[in-house]
Amino acid sequence: MKREQKSELLSMMNAEFKASSLVVVCQYNGLTVAETEALRSKVRESGAKFRVTKNRITRLALAGTQFESLADLLKGPSAVSYSADPIAAAKAVVKYAKENEKLSILGGVMNGEVLTAAQVKALGELPSLDELRGKLVGLLQAPAGQIARVCKAYADKEQAA
């Protein structure tokens, strides 16, 4: 990679990190090219990004962002997943890591707060916003439905008498 290309990549990654609210660092020991492409597409579908670059380039791109503390995790074959949505990147990599043990989560940072691998996994297992909305609507509708059934049963009982 030429110096101009590295400089371009650094500035692009730095801007993407500054626009993100979550960055997750992973190790991908033994992932094939096909598995990596499958991971990338799943991460993209969730609205996040997954990038494999040299650790030095990633460290330089993290400089000046709230994610600088992740530089210590960049050892060996590392990759980063990041998103503006505070859950999307974690959800995508955690789901893939469950299916493929070659991908391991090392840690992350969300809105300036350092997360351990266990915290990233817990974050990735949270229900999505749409799922939470569905549950909330269901909870709100349940009492009204029960009241309607009780009233109907009472009305049927009155008609029968």
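Figure 1. Asn14 touches Leu60, Ala61, Ala63 and Thr65, not counting residues up to four places away in sequence; contact means heavy atoms within 4.5 Å. The model is predicted, so local features need pLDDT of at least 70 and side-chain atom pairs count only at pLDDT 80 or more, whereas totals for chains, interfaces and linings use all residues. Residues are numbered from 1 along each chain as its sequence is written, and side-chain values use heavy atoms, with hydrogens and water left out. With 14% relative accessibility, Asn14 counts as buried. Buried means under 20% relative accessible area, exposed over 50%, and partly exposed in between (1.4 Å probe, protein chains only).

**Figure 2. The aromatic pair of Phe17 and Tyr82**. Rings of Phe, Tyr and Trp (its six-membered ring) pair if their centres lie within 6.5 Å; planes under 30 degrees apart count as stacked, over 60 as edge-to-face and the rest as tilted. By this rule the count comes to 1 aromatic pair. The rings of Phe17 and Tyr82 are 5.0 Å apart centre to centre, with 70° between the planes, and the pair is edge-to-face. Phe17 lies in helix α1 (residues 3-18) and Tyr82 in strand β3, so the pair ties together parts that are 65 residues apart in sequence. Phe17 and Tyr82 are both buried.

**Figure 3. The open sheet of 5 strands**. The strand order is β2-β3-β1-β4-β5, with antiparallel pairing; two strands pair if DSSP finds at least two bridges between them. At the edges stand β2 and β5 (113-116), each with a single partner strand, so one side of each is left without a neighbour in the sheet. On average, neighbouring strands of this sheet are turned by 20° against each other, direction ignored. Helix α2 lies across β2 and β3 and runs at about 150° to β2. Helix α5 lies across β1, β4 and β5 and runs at about 90° to β5. Axes are lines fitted to C-alpha atoms, for helices over the stretch in contact, and angles run from 0 to 180 degrees between N-to-C directions.

**Figure 4. Strand β1 and its pairing with β3 and β4**. β1 and β3 pair in the antiparallel sense over 6 bridges. β1 and β4 are also joined by 6 bridges and run antiparallel. Val23 has Tyr82 as its bridge partner in β3, while the partner of Val25 in β4 is Gly107. In a regular strand the side chains alternate between the two faces of the sheet. From β1, Leu22, Val24 and Cys26 point one way and Val23, Val25 and Gln27 the other way, and all are buried. With 6 of its 6 residues buried, β1 is largely enclosed by the rest of the structure.

Figure 5. Val24 is buried, with a relative accessible area of 0%. Opposite Val24 stands Ser81 in β3. Leaving aside neighbours within four places in sequence, Val24 is in contact with Ala79, Val80, Ser81, Ala90, Val93, Ile105, Gly107, Gly108 and Val120. The C-alpha atoms of Val24 and Ile105 are 7.4 Å apart, although these residues are 81 residues apart in sequence.

**Figure 6. Helix α4 and the elements around it**. The 12 residues of α4 (residues 88-99) should span 16 Å at 1.5 Å a residue, and the end C-alpha atoms are 17 Å apart, which agrees. The expected span is 1.5 Å times one less than the number of residues. Buried residues of α4 are Ala88, Ala89, Ala90, Ala92, Val93, Val94, Tyr96 and Ala97. They pack against β1 (22-27), α2 (33-45), β2 (49-51), β3 (78-83), β4 (104-110) and α5 (117-124). Tyr96 is buried, with a relative accessible area of 6%. Not counting residues up to four places away in sequence, Tyr96 touches Leu31, Glu35, Leu39, Lys42 and Leu103.

**Figure 7. Packing of α4 and α5**. The two helices pack at an angle of about 100°, with their axes 7 Å apart. That makes α4 roughly perpendicular to α5 (angles under 35 degrees count as roughly parallel, over 145 as roughly antiparallel, 65 to 115 as roughly perpendicular and the rest as oblique). Ala90, Lys91 and Val94 of α4 make the contact with Val120, Lys121, Leu123 and Gly124 of α5.

Note on methods. Helix = DSSP H or I, 4+ residues; strand = E, 2+ residues; numbered from the N terminus.
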